[in-house]
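These are my notebook entries on a two-chain model. I record what I looked up, one topic at a time.

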Amino acid sequence: MMHLNYIAAIILMMMGLWAMLAKKNIIKKLIGMAIFQTGIILFYISIGAKSGSTIPILDHHHLHDPVVVANYANPLTQILMLTAIVVGVATLGLGLTLARKVYETYNSFNEDEILEKVKDADD
Amino acid sequence: MTNQLPFLVVGIPLFTALFIGIFGLFNKSLIRPIGIVGILLSTLSAIQLFLTVTKSNVPVEYFFGNWKAPIGIAYSIDNLNALMILMIYVVSFLAFIYSLNSVKLEISTNKHVHYYTLYFLLITGLVGITITGDAFNLYVLFEICALSGYALLAIGGKRAYLPTFYYLLIGSIGACFYLIGVAYLFVKTGTLNMAHLFELLPVIYFSKSILIGFIFVNIGLFIKMALFPVHGWMPNVYSKAPVSTTCLMAPLGTKLSIYILMRFYFDVFSTEYVYQVLNIQYILVWLATFAIIAGSLYAIYHQTYRKIITFIIVAEVGYIVGGLWIGNQDSVLGAIYHIVADSLMTLALFMISGLILFLIKKDRVEDFKQVFSKLPMTTIGLIVVFASIVGIPPTAGFFSKFYLIKGAFLNGYYHFIVALLLSSLTSLFIFFRFFESYFYNKENSDEQLQIKEPLLMTIPLICVAVLVLGFGLSFEFWHDYILEIIPMGLR
């Protein structure tokens, strides 16, 4: 049970990847993408955590005390993931916009139907 | 001023995007002047940066907010980056001039503000991924580049939405894989700075985490560069998107992903790890060989010009990656030289596709008769570029192919040589197919309609053709220049 966090993150990633590749509904594909990204974010966050540590902010009552690094979670991974969340939101937003445009063009969310219509349009 | 240059090459396009976004909304006539000033200033600073770096011969380092390397984000420019940044700006300068006319023809006027804002953000992202010395910062800039790229591609209208949607899914898988790879490296070393990683990695070469990180970074970048088994997103996207966008994205997007792969091999994992500890070149050169063969065969099979040139790019990616993996001095020299040569050729090919699409309005191979009879400048461009793709001596394509073949021969990768020659022959075959339609389709109605090629589109094309020739003719200079880039482990 040592690496439960890694296993959870990997399961989330695989679920997302599966949804992106195998689901026929294009909105479900996007949901899969969001799950995939969340898996990576949790993976990063969990590698920064330490057992028995607290949030990486110095208490202003103890500013002059020596800082014991082991008492604080690694702030770097959290900062990195803040950026990655922003990137993920932007990607999801753009993806949903595109999905909407695809729906307006082909009147369907189902990949098979859309591809059939694309084929008809090309011929 | 000169010590701020590394910031300026990224900052000027970023602020140009901002200014276009703000002022362009109020007054549409300001978009083009701001754009021209922005691209001119940033191109000049890129040239200045190139001169500074080549003169001093030591890598230029730039620390944001004066936070030194392992803590802050560093930009570092050595000879390899400087060449890439110069290439980005030469290509985007010419593509921008070309777009001044082509954007009017394919995108409605009220979208120009958004289009050019994203255009400059894309340039920012491209320069950023080249210049940065931080593995995570690279991911962020990758996404800036990709997100503005998706929007720029989807602006092409109804036919572009679905391919762009797939590109978004596949592209984000690629970026996420890269991110996982960086996570593995970060867990083991606790740093994200590339130079710092390079110092820390040798001790733990045999750790499994590093291997997994290496694999993930590689797969992520393969997807981004459209290497053969994972190239599926590219042909549809580039053949349906607006030409003004593909002129910027197709030459730079895939090539810079290869550059990043190179940077990771040379300056993060080190050549010793990639070529001696892992020792997997043999399989990977086969992969590149398959990429070349598959790209060439698909290019023969397709009938529309834009599909053909996208598959030519798939083959060219195989060239460069194969040259990198063969891993001796000559092949790596050929690969680096070919990155620049190929981005110029791709730019010219897409400019030609635009001219054909706007003036002839068809892009099937049978319709090329009209291209040869009515568009003289386009024909000149097409001949020079195809001479370079086939590899006829004074053009740039000849020298890169020569060195790739020499490198492959020295290390005994004969199948790679066969694939290269096959690919040359297929490009020649494709060119003759264009030509054939001129001589054998005479019965077509010969309407006397004279088409005038717009100057703003032909001048950039002719410039690129001259550059393809000039880059080949000045090969001796570049030979010496690139030789200094190649890391000690490969000489």
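**Entry 1. Chain A**

How many helices and strands does the secondary structure of chain A come to? I found four helices and zero strands. I note that the model is predicted. Reading along the sequence, I wrote down the pattern of chain A as α-α-α-α.

I then looked up the dimensions. The radius of gyration of chain A is 21 Å, whereas a compact globule of 123 residues would have one near 14 Å. Along the principal axes, I read a span of about 75 × 35 × 15 Å for the C-alpha trace of chain A. Buried residues come to 24% of the 123 in chain A. Of the contacts in chain A with a separation of 6 or more, 55% are between residues 24 or more positions apart.

**Entry 2. Chain B**

I turned to chain B and recorded 20 helices and two strands.

**Entry 3. Where the chains meet**

How many residues of chain B are in contact with chain A? I recorded 21 residues of chain B, in contact with 25 residues of chain A. On the chain B side, helix 5 (135–154) and helix 6 (158–189) each supply at least two residues. Helix 6 gives the most to this side, with 14 residues. By class, I listed the side of chain B that touches chain A as 17 nonpolar, two polar and two charged residues.

I next examined one helix pair across the two chains. The axes of helix 2 (residues 26–48) of chain A and helix 6 of chain B come within 11 Å, and their crossing angle is roughly 10 degrees. Helix 2 of chain A is therefore roughly parallel to helix 6 of chain B, as an angle under 35 degrees counts as such.

**Entry 4. The nonpolar core**

Which residues of the largest nonpolar core touch the most other members? I found B:Ile85, B:Leu344, B:Ala348, B:Val464 and B:Val468, in a core of 216 residues. Helix 6 of chain B gives the most to this core, with 20 residues.

B:Ile85 is in contact with B:Val9, B:Ala46, B:Leu49, B:Val127, B:Thr130 and B:Ile131.

**Entry 5. Two residues with positive phi**

I looked at B:Ala226, which is not a glycine but has a positive phi, near 60 degrees. B:Ala226 lies in the loop between helix 8 (208–225) and helix 9 (233–240) of chain B. Is B:Ala226 buried or exposed? I counted 26 other C-beta atoms within 10 Å of B:Ala226, so the residue is buried, the cut-off for burial being 20 or more.

Beyond its neighbours within four places in sequence, B:Ala226 is in contact with B:His231, B:Trp233, B:Met234, B:Thr254, B:Val314 and B:Val317. I also noted a separation of 22 Å between the C-alpha atoms of B:Ala226 and B:Leu425, which are 199 residues apart along the chain.

The other case is B:Ser270, with a positive phi of about 70 degrees although it is not a glycine. I located B:Ser270 in helix 11 (residues 270–278) of chain B. With 21 other C-beta atoms within 10 Å, B:Ser270 is buried.

Key: Residues are numbered from 1 along each chain as its sequence is written. Chains are lettered from A and ligands numbered from 1 in the order in which they are written. This is a predicted model: local features need pLDDT of at least 70, side-chain atom pairs count only at pLDDT 80 or more; totals for chains, interfaces and linings use all residues. Two residues are in contact if their C-beta atoms, placed from the backbone, lie within 7 Å. Ala, Val, Leu, Ile, Met, Phe, Trp, Tyr, Cys and Pro count as nonpolar, Asp, Glu, Lys and Arg as charged, and the others, Gly among them, as polar. The radius of gyration is taken over C-alpha atoms; the globule rule is 2.2 Å times the number of residues to the power 0.38. A residue is buried if 20 or more other C-beta atoms lie within 10 Å of its own, exposed if 12 or fewer, and partly exposed in between; C-beta atoms are placed from the backbone. Axes are lines fitted to C-alpha atoms, for helices over the stretch in contact, and angles run from 0 to 180 degrees between N-to-C directions. Angles under 35 degrees count as roughly parallel, over 145 as roughly antiparallel, 65 to 115 as roughly perpendicular and the rest as oblique. A nonpolar core is a set of buried Ala, Val, Leu, Ile, Met, Phe, Trp, Tyr and Cys residues joined through C-beta atoms within 7 Å.
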